[in-house]
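Keep the sequence and the 3D view open while you read.

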Amino acid sequence: MTTQKIQNVRPAVGLKTLLILGLLTLSPLTIAGEYTDELSECLLQATTEEDKLSLVRWMFTAMALHPAVEEIADVSLSARELANREMAQLMIKLLSRACFNETGLALKNEGNTALQTSFAVLGQVAATNLFSDPNVAAGLASIETYISACLLYTSPSPRDRQKS
């Protein structure tokens, strides 16, 4: 009987990990125009895997400045400057060469939000790649140590709901 219960818990633990990964990569719904969509597609097509890693490093070095994580995310000034330089080079490559026409049309027809939205799409793809790395996925899944699998199979009784 106990063996059967343990076997049934394992699939839920994997599902829990997938849900956590999904929540970490969600963003607000953005309705983009035709030119923003074309710019987004161009950015995605013109960006290499190394470019996406540069974007992730830049995002991380910026996020490490937030007071909630600056104590645990020790990013050196030289690493931050390198990430800024790499990201600036990437933006120049994408906006002034690889996607020059799409950038001009998007800005002309849909304004600055076209750039914000298009780079948000690129950031989402880069972040998804980051979260799919086996080491990162294992790090995220380590939260399972602190979540009781039993809680996934039981719902509070009406009496318990009244107490909370």
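## Around Thr-47

Leaving out residues up to four places away in sequence, Thr-47 touches Lys-52, Leu-94 and Leu-122, where contact means heavy atoms within 4.5 Å. A quick word on the basis: this is a predicted model, so local features need pLDDT of at least 70, side-chain atom pairs count only at pLDDT 80 or more, and totals for chains, interfaces and linings use all residues. Residues are numbered from 1 along each chain as its sequence is written, and side-chain values use heavy atoms, with hydrogens and water left out.

Thr-47 sits in the loop between helix H2 (34–46) and helix H3 (49–63). Helices here are DSSP runs (H or I, at least four residues), numbered from the N terminus. Thr-47 is buried, with a relative accessible area of 7%. For this label, buried means under 20% relative accessible area, exposed means over 50%, and partly exposed is in between (1.4 Å probe, protein chains only). The Thr-47 side chain also reaches back to the backbone oxygen of Leu-43, at 2.3 Å.

Which residues have the most contacts inside the largest nonpolar core? They are Leu-43, Leu-94, Phe-119 and Leu-122, in a core of 15 residues. H2, H3, helix H4 (77–98) and helix H6 (112–131) each supply at least two residues of this core. By nonpolar core I mean a set of buried Ala, Val, Leu, Ile, Met, Phe, Trp, Tyr and Cys residues joined through side-chain atoms within 4.5 Å. Setting aside neighbours within four places in sequence, Leu-94 is in contact with Leu-43, Ala-46, Thr-47, Cys-99, Phe-100, Phe-119 and Leu-122.

## Salt bridges

Searching the whole structure turns up 4 salt bridges, each being a side-chain nitrogen of Lys or Arg within 4 Å of a carboxyl oxygen of Asp or Glu. Among them are these:

| Pair | N to O distance |
|---|---|
| Arg-57 and Glu-50 | 3.1 Å |
| Asp-51 and Lys-93 | 2.5 Å |
| Glu-86 and Arg-57 | 3.3 Å |

Asp-51 is in helix H3 and Lys-93 in helix H4, so this pair ties together parts that are 42 residues apart in sequence. Asp-51 is buried, at 13% relative accessible area, while Lys-93 counts as partly exposed at 24%.

Glu-86 lies in helix H4 and Arg-57 in helix H3, so their bridge joins parts 29 residues apart in sequence. Glu-50, Arg-57 and Glu-86 are linked in a network of salt bridges.

## The largest pocket

The largest pocket holds about 320 Å³ of space. Its lining is made up of Val-56, Met-59, Phe-60, Met-63, Val-69, Ile-72, Ala-73, Ala-127, Leu-130 and Phe-131. H3 and H6 are the elements that give two or more residues to this lining, and H3 gives the most, with 4 residues. On a 1 Å grid over the protein atoms alone, a pocket is an open set of points where a 1.4 Å probe fits, with protein on both sides within 12 Å along at least five of seven lines; lining residues have an atom within 4 Å of a point.

Note on methods
Polar contact = N/O pair within 3.5 Å; in protein donor to acceptor, adjacent residues only side chain to side chain. Points joined across faces, edges and corners; volume = space filled by probe spheres on them.
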